[in-house]
Amino acid sequence: MFLFNPYFLLFLFLLSVSTGHTQDNKIEEYIKKCEINFRNSDSLFHYSNLLLQFDNNKAKEEGYYARGYAFRNKMQLDSALFYFDKSSTYTSKDDYTNLSRIARLSSITATHAGDFEKAFLYSKKMKDLASDKGDSLAFALAVNQEGVIFKNKGDLNNAINKYTTAGKIQKLNNFPQLPYTYTNIAVAYSEMKQDSLSLIWFQRAYKSAQEFKDSTIITRSINNLGNYFKIQKNTDSSLFYFNKLLKNEKSLASAQRSLLHQNLADLYNRANNPEKAIYFYNKAEPVVNNGQNPRRKVELLTVLLQIEKGKKNNAEKVLAISDSLIGMIQSANIPNKLLPIYLDKAEALKELGKFEKAVIALDKYNRTKDSLSRFQDAATIQRIVSEFELAEKEIELQAALASKDTSLKSIIITGVLTLSSVMLLIFLYNRFQSSRNRNNTNSQENNQSKKQFTLKSGRIVKCEELAYVKSDGHYLEYYLLENEQPILERNRLKNRLEELRDCNFVQTHRSYIINAEKIKTVYSTSILLEKNIEIPLSRSFKQKLKEEEENQTLFQ
């Protein structure tokens, strides 16, 4: 019969083999497309859908992995983790490479999502896989990832311990990842404000990068050292490292090269060399202004503003640049950059004798600062104020404008705000004194130095050591005076509020409770604590505090 014809059976066999090869080729083609387009979420969704149409474990594994990566690109991290987990269910238990890949990216993604418990579970899986395989490099990467998780939790000491352990493994085995780990240690020490240790590890990273002849990390290390000294306001050392980069600027990508020129323009301006400052500004300007990054455009024009401010009788140009910057910043929606610009504008107007307009600019500065304090944490605002020495400039400018007596209305407004702040300061001071008197008449246990409370983790916090508490989503951040990084607890502010009231804490903002005994100064929109910690004071809570003072219910 025809069905048993050997030629026909051979034909069917060859057809099935051909179809199988065609399917395998298609799967490999789509996987390659995913690898090429890994930054393009739309492409990843498209090719993942094509892969998932095949009844094939490899296609399912790569399809779900690509879909997870697409969601990760879109910062939909919970969805990304869901599909990474689904991808792992189609991965063979013997496929060490892909299991490790999925575990590592899952740990990184969970860290970004703030799910640290899950991130640690994935990093443990990385370590287990590496241990079973005897892969020291992968084990070191897993330990390094644990350091990243601790860093994101705010536990910098444990982060440094993990980085150091990973670094020892990498150094012992001469792994080329070593300079990257040293850089992680340097950054962690920098965030702890331990500048001398940070510098040591940045220098080690640079030396290690040179030993491995890794041009990418060499460039990054030199740049890190340049930025380190720039932050430290050590202009000469910063120029030394950025000029080292300049020798190899042709090897840099266009964006990196323009950023180098921008840094050099800023530094030469600080070094009172306006000719070189303008030279490097002009080199950076075409690349930045033809690009699509509004933040870079703002930063570069800010450098030009500083250069022009250094010239005599140049207030008109400073004013024009300030106005341009304000428009750019508002369009780009980066309000942090507005604070120093409004003061620069007010200063230029004052020099031009336009005192009423200067008062208006100064008022806009104060309004912007008040607005920022409602939506950003106080540490960010304090950093901006300190970095540009805004507090000193504001005081000088207010004094100069007030002496001209050009705007009675604005002086009256300033007086009212000042009186309001003084009244609030008196209230908080009275509260502090009342609390002190009450504590003196009660037993020693009622003194704040003896009071403490216990976090869910079991950690005991002494009230006298706590400066303030900040609410951030589902977490509370407890800021101790002697710690740079907060203690985290999954809790809500209202759940701690009554307990902290007993410790003489007051709420100044919907996200902040402060230790009244640490208050130094009260402003119209903020309160300054010990160690110059500035906390936002919202209008609604200012009013509540005044009402409490009138009713005196807090002191009875």
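Me: Which helices do the buried residues of α4 pack against?
Reply: This is a predicted model. In it, the buried residues of α4 pack against α3 (57-73), α5 (96-112) and α6 (116-133).

Me: And which residues of α4 are buried?
Reply: L77, A80, L81, Y83, F84, S87 and S88.

Me: What span should α4 have, and what does it have?
Reply: Helix α4 covers residues 77-89, which is 13 residues.

Me: Switching to Q145. Where is it?
Reply: Q145 sits in helix α7 (residues 136-153).

Me: Buried or exposed?
Reply: Buried, because its relative accessibility is 6% and the cut-off for buried is under 20%.

Me: What does the Q145 side chain make a polar contact with?
Reply: The side chain of T111, at 3.3 Å. Leaving aside residues up to four places away in sequence, Q145 touches S107, I108, T111, S123 and M126.

Me: On to the strands. How many residues of β3 are buried?
Reply: Six of the seven in β3 (residues 466-472), so that strand is mostly covered.

Me: Which strands does β3 pair with?
Reply: One is β4 (residues 475-480), antiparallel, with six bridges. There, V469 is partnered with Y478. Another is β7 (residues 512-515), also antiparallel, over three bridges. Y468 stands opposite I514 in β7.

Me: What's in the turn between β3 and β4?
Reply: Two residues separate the strands of this hairpin. G473 is in the turn, with a positive phi of about 70°.

Technical notes: Residues numbered from 1 in each chain as written. Predicted model: local features only at pLDDT ≥ 70, side-chain atom pairs only at ≥ 80, totals over all residues. Heavy atoms only, no water. Helix = DSSP H or I, 4+ residues; strand = E, 2+ residues; numbered from the N terminus. Expected span 1.5 Å × (residues − 1). Buried < 20%, exposed > 50% of the residue type's maximum accessible area, 1.4 Å probe, protein only. Contact = heavy atoms within 4.5 Å. Polar contact = N/O pair within 3.5 Å; in protein donor to acceptor, adjacent residues only side chain to side chain. Pairing = 2+ DSSP bridges.
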